[in-house]
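Please look at the sequence and the structure before reading on.

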Amino acid sequence: MTSELPPSALALGLAIADGTKDPRDLVEDYTDRIAEADPDNRIFYRRTFERARSEAAAAYQRAKAGQRRSPLDGVPLSWKDLYDSAGDETPGGSKMLAGRTPQHDATALARLTAAGTVCLGKTAMTELAFSGLGINPVLGTPANAHDSDIERVPGGSSSGAGVSLARDLCAASIGTDTGGSVRIPAAWNGVVGFKPSHGIIPSDGVVPLCPTLDTIGPLTRDVADAACLYSLLSGCAPISLDDETLKGHTLLVPKEIVFDDADPGVAQTMEAALDVLATAGATICHETIEPLTQMNALTWDSGISLAAVEAWAVWGETIRSKGDLMYPPVRTRFEGGAKPNAGDVWKLIRERDQLRATLIDQLAGIDAIAMPTIPIDPPPIAHLEDGGLAYDRANKLALRNTTLGNQLDMCAITLPAGTSTAGLPVGLMLMAPKGRDARLLRLARAVEKALS
């Protein structure tokens, strides 16, 4: 890794606008890097280079005529392998869906295409998006971008999204987040990952996992890029991030759960980051957040995974007939959703809804909850690929903190907070109640400035 970061997506857009960058040359630069860095297609499962060149040529003509469609017109992006793109196989990272070739772009892809962005291809992911580790021996697992000696897990399920951005194979990437699948690969690969409020961005044309939780979100180099992509994807007004400071803002750090079983180096980095934010003017409160504690127990100790129940409802029939094509640890997670009865599931949903309401009351006067995105460093792939207890433990720890935001219906963002004592990226996560996306992005920008 070089010490000098590649330009942000917005910086590339500005360079296209002022004529110092040609989007056609940009595409050739990226395609060359992809070919060199990803010879075995472990990062990009599908490359849409012909489409990219056509879109870049059109962006060049618009820039020349002064008719750019958005600040990101001509900027190359990568897309997770569950977004429909017309004429391209889109199997959601699974051999079970081999040959699935949509005729139309997903709504999210169509919106960013209309804004002028360039589609480089479809990136690696956990099969059907159901794991926080990003391991996919069936189609290929991209190695974490921050260890050149040991192949470590990239984070999932948007594994290729995180790695493609961290290795400068795109200017930004688009993933999905059902239990942390944008934030986990973002944190472990040292970039920004934003999970908007559920339902803000349409999911039409996206291979589903759990429709009541699935959320579209960007992985970016900085908060400004995330805010811009959020506005383009959602149709919301552009968000001004200027002059935001931490003075007068209150961050609530949970006393329980989120630091449990943390690697010492991760905990040390997180505490140092919180100290920096306090010095910059934020009020840091350490309190018990009972709805988080109770939601964690419902998720991991109740014997019922609501995500697995919904995922099995969506994919159970397919898995029954073609499950032998799956990576066994992921298949086992799906099959766990077949066991609970309807009455127990309904009771759990009602308890979750009550916790959501209680949390909103407890957060009155609080700007965001702050915690480590993931409490551990990314483990070596070889230690986990065979599944078993090591896989299950690592997967739970990868998902534990992030999934609280999905189950409690929050928007959330992870920001690079430094490196652990192992020299690997550590993410700081901020979460806020549903609908406060713009406020959270402004706060995140202030946090980003303080930590930089």
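The questions below concern the terms used for a predicted model.

Q: Why is aspartate 29 called partly exposed?
A: Aspartate 29 has 38% relative accessibility. Buried means under 20% and exposed means over 50%, with partly exposed in between; therefore aspartate 29 counts as partly exposed. This residue lies in helix H2, which covers residues 23–37.

Q: What makes the surface patch of Asp25, Asp29, Asp32 and Glu36 negative?
A: Asp and Glu count as negative, and the patch is formed by Asp25, Asp29, Asp32 and Glu36. The patch is therefore called negative.

Q: Why is strand S9 called mostly covered?
A: In strand S9 (residues 368–372), 5 of its 5 residues are buried. Buried means under 20% relative accessible area, so strand S9 is described as mostly covered.

Q: How do you know that strands S7 and S9 pair, and in which sense?
A: Two strands pair if there are at least two bridges between them. Strand S7 (residues 250–254) and S9 have 2 bridges, so they pair, and the sense is parallel. Leucine 251 stands opposite alanine 368 in S9.

Q: What makes S9 and strand S11 a pair?
A: They are joined by 4 bridges and run antiparallel. Because at least two bridges are required, S9 and S11 pair. Methionine 371 stands opposite methionine 429 in S11.

Q: How do you know that strand S5 pairs with S10?
A: Strand S5 is joined to strand S10 (residues 410–419) by 3 bridges, and the two run antiparallel. The requirement is at least two bridges, so S5 and S10 pair. In S10, alanine 412 is the bridge partner of lysine 195.

How values were computed: Residues numbered from 1 in each chain as written. Predicted model: local features only at pLDDT ≥ 70, side-chain atom pairs only at ≥ 80, totals over all residues. Heavy atoms only, no water. Patch = residues over 30% accessible without salt bridge, like charges linked within 9 Å, V, L, I, M, F, W, Y side chains within 5 Å. Areas by Shrake-Rupley, 256 points an atom, 1.4 Å probe, with all protein chains shown as cover. Salt bridge = Lys/Arg side-chain N within 4 Å of Asp/Glu carboxyl O. Charge placed at Lys NZ, Arg CZ, Asp CG, Glu CD. Buried < 20%, exposed > 50% of the residue type's maximum accessible area, 1.4 Å probe, protein only.
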